Amino acid sequence: MKYSIFAVLREGLRGGKGWTPAWREPEPKAHYDAVIVGGGGHGLATAYYLAKEHGLTNVAVVEKGYIGSGNVGRNTTIIRSNYLLPDNTHFYEWSMKLWEGLEQDFNYNAMVSQRGVLNLYHSDAQRDAYVRRGNAMRLAGVDAELLDADGVRSMAPFLDFNNARFPIQGGLLQRRGGTVRHDAVAWGFARGADSRGVDILQNTEVTGIRVETGRAVGVETTRGFIRAGKIGLACAGNSSRVAAMAGLRLPIESHVLQAFVSEGIKPAIDQVITFGAGHFYISQSDKGGLVYGGDIDGYNSYAQRGNLYIIEDVHEAGMALWPAIGRLRMLRHWGGVMDMSMDGSPIIDKTPIDGLYLNCGWCYGGFKATPASGWCFAHTIARDAPHELNAGFRLDRFASGRLIDEKGAGAQPNLH
Amino acid sequence: MRIRCPYCGERSNDEFTVLGDADALMARPSGDDAAAFYDYAYLRTNPAGQHRELWYHSAGCRRWLVVTRDTRTHIIADVALASTRGDGEAA
Ligand SMILES: Cc1cc2nc3c(=O)[nH]c(=O)nc-3n(C[C@H](O)[C@H](O)[C@H](O)COP(=O)(O)OP(=O)(O)OC[C@H]3O[C@@H](n4cnc5c(N)ncnc54)[C@H](O)[C@@H]3O)c2cc1C
């Protein structure tokens, strides 16, 4: 069923009796041309683009919980393409372009809101770094504007401009950045894939990957063995565990990142604003809650909950940026397990095992990548070769020295 | 999370800095074996369960510790000084 204003009116008059489930709950088939492990944003987007762009419809997405139960439903919903290094700039800009047409493309309201992402700077050195980054973005055709303190003040007068330690000198603004309703992204891709014939198998955990003579031939699951022509792994925080089923060790550590939501208030902040002197970023949801977060906890974790000292750290940074939020109560907070890579950049590639493909290393920033990640991974799986846009996101770059390290932090995942 | 430092007693984890997988990082190969060095620098087992990891008591005694911790529950099974391992060399 196509969603439209007419469908809403028609169903309104019929008491909503004509709405059908957005996707089926099929029984697993014995064989698929491609099996995608992980029903997060990236896995669902991969299946969607496999069907839509490559005509591959005998495809299953195998998800151990319900779709959206992982990071796609836990993130702070920020999208942007303000990267410095060419591999990242072009890839994330392609993602931004896909976001811009996504809702029409998959006929689902994902509430894509290009409200602007503003990164503040607090020192001359930081301004210089942002000038450089802004120039790199503009050279690649991405929008970027450098604001001085008055420019920031006209957008967000409530910030603490004269903070004794970290006065706000200005910011780098990407107006096309913003937020997207994260759950709706999972649902929209799921519905779009399902309507093209993809089976979405929820509550089906992959427990093994069968490899015969150097080729991956299927997955063992809690609902039996499923034979597959090709297998794509998109398991985010659980990538190391699933890849280990095929004997692979990855350049990945799993870490927990927390997010916070305050009680709902009237519209106060229009953009996404990030603090430059500590790790803190904030925006406001349509329900009125302030949505914010900061650093990862820093140690390996598969617990989807965080620790108190980060809660304190995030709120201290928040108070330094916008003192008035001290009057608000925090309503909820939670954690998600992320696949931190050794250079802070992702991997979308083939693996040394034929028929096995890998998508991981998204760190704390993979939500914005969802459409492009699915698009590139689908290409890599269908054509058995990476697309130009993900050619740099190779698994062997750590061995060959072609790292994509935005921060220059080195092989220390908790510093990226 | 609280870590029982052998010198300082039980302390909040924000007094410490964590480096990562102790077994991977303490087995530093010689620089001329490129494959082994790649393993050491980049590959991690990243288990869901018991993990031996290096923590530095930066706001305390400034000793390197090997903490054995369950990455699913954060329950700490053991804390030992890194420098007491067989060859007596600190990590
Ligand atoms: C608190 C927080 C805030 C964030 N904020 C942002 C942000 O503002 N902007 C941004 O761009 N990014 C953000 N991120 C990062 C982003 O959410 C992730 O990088 C991205 O969602 C990961 O891809 P995914 O959606 O496919 O992951 P997931 O939704 O985690 O999907 C992986 C799926 O694999 C499944 N799986 C795992 N093992 C198995 C198995 N054995 N068998 C079957 N299925 C399995 C899991 O159940 C899960 O559903 C944030 C992350 C967190 C935790």
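**Ground rules**

I work with residues numbered from 1 along each chain as its sequence is written, and with chains lettered from A and ligands numbered from 1 in the order in which they are written. Since the model is predicted, I take local features only at pLDDT of at least 70 and side-chain atom pairs only at pLDDT 80 or more, while totals for chains, interfaces and linings use all residues, and side-chain values use heavy atoms, with hydrogens and water left out.

**Entry 1: chain A overall**

I looked up the secondary structure of chain A and got 10 helices and 18 strands. Helices here are DSSP runs of H or I with at least four residues, strands are runs of E with at least two, and both are numbered from the N terminus. The C-alpha trace spans about 65 × 65 × 40 Å along its principal axes.

Does the radius of gyration go with a compact globule, or against one? For 416 residues a compact globule would come out near 22 Å, and chain A has 21 Å, so the two agree.

Of the 416 residues in chain A, 58% are buried. I call a residue buried under 20% relative accessible area, exposed over 50%, and partly exposed in between, using a 1.4 Å probe and protein chains only.

**Entry 2: the ligand**

Which residues come nearest to the ligand? Out of 37 around it, I note Glu63(A), Asn71(A), Val72(A), Thr76(A) and Lys368(A). "Near" means that a heavy atom of the residue lies within 4 Å.

Next I went through the polar contacts, meaning pairs of N or O atoms within 3.5 Å; within protein, one must be able to donate a hydrogen and the other to accept it, and residues adjacent in sequence count only if both atoms are side-chain atoms. A ligand nitrogen is 3.0 Å from a polar backbone atom of Ile78(A). I also found a ligand nitrogen 3.0 Å from a polar backbone atom of Tyr364(A). A ligand oxygen sits 3.1 Å from a polar backbone atom of Gly365(A). Taken alone, the ligand exposes 1,000 Å², and the protein buries 96% of that. Those areas are Shrake-Rupley values with a 1.4 Å probe; for residues, only the protein chains shown count as cover.

Where does the shell come from? Helix 2 (41–54), strand 12 (252–264) and strand 16 (330–341) of chain A each give at least two residues. Strand 12 has the largest share, three residues. By domain, at least three residues come from each of domain 1 (22–77 + 182–251 + 343–415) and domain 2 (86–178 + 253–341) of chain A. The domain bounds are from an automatic or database assignment.

I sorted the shell by type and got 16 nonpolar, 16 polar and five charged residues.

**Entry 3: single residues in chain A**

Ile200(A) is in strand 8 (residues 199–201), and I log it as buried because its relative accessibility is 0%. I also checked its distance to Ile296(A): 96 residues apart in sequence, 31 Å from C-alpha to C-alpha.

Thr179(A) belongs to strand 7 (residues 178–179). At 6% relative accessibility, Thr179(A) is another buried one. Its side chain makes a polar contact with that of Arg115(A), at 3.2 Å.

I found His416(A) in the segment after helix 10 (397–400). His416(A) is buried at 7% relative accessible area, and a polar atom of its side chain lies 2.8 Å from the backbone oxygen of Gly410(A).

**Entry 4: chain B**

Chain B has two helices and six strands, in the order β-β-β-α-α-β-β-β along the sequence. Its C-alpha atoms fill a box of roughly 40 × 30 × 20 Å along the principal axes. Of its 91 residues, 41% count as buried.

I placed Ala24(B) in helix 1 (residues 22–25), buried at 15%. Its C-alpha is 14 Å from that of Val67(B), 43 residues away along the chain.

Asn46(B) also has a positive phi, about 55°, without being a glycine. I found Asn46(B) in the loop between helix 2 (34–42) and strand 4 (50–56) of chain B, buried at 1%.

Methods: Ala, Val, Leu, Ile, Met, Phe, Trp, Tyr, Cys and Pro count as nonpolar, Asp, Glu, Lys and Arg as charged, and the others, Gly among them, as polar. The radius of gyration is taken over C-alpha atoms; the globule rule is 2.2 Å times the number of residues to the power 0.38.
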